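Subject: Structure handover

Hi,

Here is the structure for you to look through. Please open it first, then read my notes below.

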Amino acid sequence: MIKPYRGSFHTEWYPKTASEVFTDGDLVFLSSGYVKTFADDADNQPLGLIQKSVAATDSDYASNTMVPVLVGDPDSEYLCDIGTGTGAQSYVGTWVDADGTYDDTKIDVSSSTYDVWLVTKHISTTQAVCKMAKNTDPRPNSIVD
């Protein structure tokens, strides 16, 4: 699970990708202007955490309706569960990936291929505090203007 830890957060509204299931709290990104469940690869920058579940049985499932996304300000930090690897103090100050192998709602401290999260505090072997790449390191393909 990834959840706000400290800093300023606000809600922004974006159209969702039609015919995609979302769970409240999922990490999302923008793809062609639509919110999509985050996938850990080179072209994706995280946007925030969707604040609404969308099921295949919902009346707006196949539509591009607006959904709320919790977005952190530049210095906001998130409490992140570690899905792959073992948390340690030595990871503080390093970039790590989303845990794409198992669950993008967790982090992978053993990989830094796409550098999605900057570890800012060691909590335990299963949790760390991190900043999102989009807030910390606006890259050419980032959605940050």
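Two strands pair if DSSP finds at least two bridges between them. Helices (H or I, at least four residues) and strands (E, at least two) are themselves DSSP runs, numbered from the N terminus. With that in hand, look at Asp81: it stands opposite Gln127 in strand 11.

Some ground rules come next. This is a predicted model, where local features need pLDDT of at least 70, side-chain atom pairs count only at pLDDT 80 or more, and totals for chains, interfaces and linings use all residues. Residues are numbered from 1 along each chain as its sequence is written, and side-chain values use heavy atoms, with hydrogens and water left out.

**The whole chain**

The chain has 1 helix and 11 strands. From the N terminus on, the order is β-β-β-β-β-β-β-β-β-β-β-α. Of its 145 residues, 43% count as buried. Buried means under 20% relative accessible area, exposed means over 50%, and partly exposed lies in between (1.4 Å probe, protein chains only). The accessible surface comes to about 6,800 Å². Carbon and sulfur atoms hold 49% of that surface. These areas come from the Shrake-Rupley method with a 1.4 Å probe; for residues, only the protein chains shown count as cover.

Now contacts, meaning heavy atoms within 4.5 Å. Take those in the chain with a separation of 6 or more: 59% of them are between residues 24 or more positions apart.

**Strand 7**

How many of the 8 residues of strand 7 are buried? The count is 7, so strand 7 (residues 77–84) is largely enclosed by the rest of the structure. Strand 7 runs antiparallel to strand 1 (residues 2–6), and 4 bridges join them. There, Pro4 has Tyr78 of strand 7 as its bridge partner. Strand 7 also pairs with strand 11 (residues 127–132), again in the antiparallel sense, over 4 bridges.

**Two cysteines**

A disulfide is a covalent bond between the sulfur atoms of two cysteines. The rule used here asks for a pair of cysteine sulfur atoms within 2.5 Å. By this rule the count is 0. Cys80 is buried, at 0% relative accessibility. Cys130 is buried too, at 0%.

**Asp26**

Asp26 sits in the loop between strand 2 (9–15) and strand 3 (27–31). Leaving aside neighbours within four places in sequence, Asp26 is in contact with Thr37, Gly48, Leu49, Ile50 and Thr105.

**Two positive phi values**

Most residues other than glycine have a negative phi. Ser19 has a positive one, near 60 degrees. Ser19 lies in the loop between strand 2 and strand 3. It is partly exposed, with a relative accessible area of 41%. Asp115 also has a positive phi, near 50 degrees. Its place is the loop between strand 9 (103–108) and strand 10 (117–122). Asp115 is partly exposed, at 21% relative accessibility.

Best wishes
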